[in-house]
Amino acid sequence: MTNLPTPFERFIQGILPENPVYRQLLGLCPTLAVTNGLKPALTMAVAVGAVLLSANIIISLIRNLLKPHLRIVVFTLTIATFVTIVDRLLAAYLYQMSKALGPYIPLIIVNCIIICRCEVCASRQNVLAASADAVGQAIGFGLALTGIAAIREILGTGMIAGVQLLPTAWPSWVIMVLPPGAFLTFGLLLALVNWIDSVRSNNEGRKG
Amino acid sequence: MERALKKRTAGVADRLKNSNFAQAWLILVLALIFGVALAAVQANLSGVIAANKLNETLERVPELVWGTATAARMASQNASVDITPGTVTIKKDLKTSYYNLFRVTHEGKLAGWVVKAGGQGYADKIELIIGLDPGADTITGLFVLQQKETPGLGNKITFPRWRNQFIRKKTSTPLVVTKGKSQVPNGIDAVTGATISSRSVTGIVNRTIRDVKGRLTPATIRFYERQL
């Protein structure tokens with residue numbers, strides 16, 4: 001219990017050092033499925049962030065009541081409740097977006113990022129650390145999603161968030177908004193993140 | 001004697017403590033709280049969600065009858081358009097099918113019909129609303145309410161450029177899907193790379209027209225009281 005990261009460390013870790021998508025390779029279903037446009041990606045990131053924060057707070061509050069062999073059930077129950085609430089809110093106030101995201105909002109229930117944060121952080125640390133952790137991880141997830149989505153939308157349609165960016169003469173690479181485009185973009189970005197990381201650790205090694 | 005009693009009560013306490021209900025008390029309590037919370041959310045939002053669905057259809061009704069330009073002009077002039085929802089029951093070959101539709105009247109005169117129809121697409125169910133003139137002789141508009149066709153290919157069935165081909169097509173002969181610019185009067189150009197989606201939509205339109213044509217009479221339609 002003594003060596004758990006502080007709230008600030010939790011926050012920073014989520015954004016890049018332990019980015020849920022690029023470092024932990026979690027939550028890849030929405031990462032690949034809803035990144036064909038910036039708007040759906042942003043909505044998904046906010047939805048996941050809201051569920052993650054709510055679930056982390058609840059789990060952290062009841063962490064001393066958890067029984068080890070029943071904890072996953074409690075996590076799933078909490079997550080499912082908040083996902084359903086988010087799903088209903090989207091259908092009520094962002095109807096078109098809710099239709100566009102289709103089954104991917106209910107699928108947040110099985111998003112491993114959230115269950116992982118409940119297990120790693122919220123069930124062991126206080127509400128402050130759990131909240132900071134949730135916000136950091138949510139920002140990390142949002143950055144990953146919007147990065148992939150922006151690249152795919154620009155190359156695939158010449159537009160960004162529905163606004164024409166490239167000249168209309170741009171031959172839209174349809175493949176970028178199709179499933180293969182998700183794998184290509186994600187793979188290249190993952191390689192880029194790893195490359196930057198290896199260069200940085202090499203430099204540090206030389207200095208040391 | 002005393003020790004035996006203590007042992008027995010301790011046994012009961014242990015059994016209680018290890019029983020499934022005692023083990024799962026937190027889950028039961030949470031389930032109850034979350035259940036109440038979800039019921040409250042549903043009670044507050046279900047009306048809004050149902051209204052969203054209906055509004056989306058109703059918003060499209062005028063342009064499916066009069067076309068986008070005329071519908072916009074009428075809306076700016078605050079023209080009195082009455083839209084009455086109803087259901088038509090089709091009994092054919094021992095099979096009964098239902099179509100939800102809207103009767104559209106303007107200044108007391110029947111202006112046309114908007115029929116809801118659905119069928120299997122390439123990826124998932126496709127839901128359409130089809131605008132027809134008063135005698136169901138001509139298609140006056142088509143809109144895709146719901147589809148999950150391939151983005152970039154099949155989802156082009158929702159683009160006005162493709163849907164507008166259906167406008168002014170006669171319903172006397174079924175529509176046929178053609179590849180490339182067709183010279184046939186009842187031909188629909190397929191979306192490039194999405195022949196199946198194009199065929200699905202055209203098939204749904206053909207089937208709906210075959211079913212409802214000649215049956216849009218007060219005797220076969222049950223109108224709902226509510227005027228919208």
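This is a predicted model: local features need pLDDT of at least 70, side-chain atom pairs count only at pLDDT 80 or more; totals for chains, interfaces and linings use all residues.
Residues are numbered from 1 along each chain as its sequence is written, while chains are lettered from A and ligands numbered from 1 in the order written.

**Exercise 1.** Work out the order of the six strands in the open sheet of chain B.

Start with the terms: strands (E, at least two residues) and helices (H or I, at least four) are DSSP runs numbered from the N terminus, and two strands pair if DSSP finds at least two bridges between them.
Next, look for the edges: β5 (139-146) and β8 (221-223) of chain B each pair on one side only.
To check one pair, take β3 (residues 109-120) and β4 (residues 125-132) of chain B, joined over eight bridges; G118(B) sits opposite E127(B) in β4(B).

**Exercise 2.** Classify how α3 (residues 25-66) and α4 (residues 68-76) of chain B cross.

Take the axes, which are lines fitted to C-alpha atoms, for helices over the stretch in contact, with angles from 0 to 180 degrees between N-to-C directions.
Those of α3(B) and α4(B) come within 7 Å and cross at roughly 125 degrees.
Now apply the cut-offs: under 35 degrees is roughly parallel, over 145 roughly antiparallel, 65 to 115 roughly perpendicular, and the rest oblique.
So α3(B) and α4(B) are oblique to each other.
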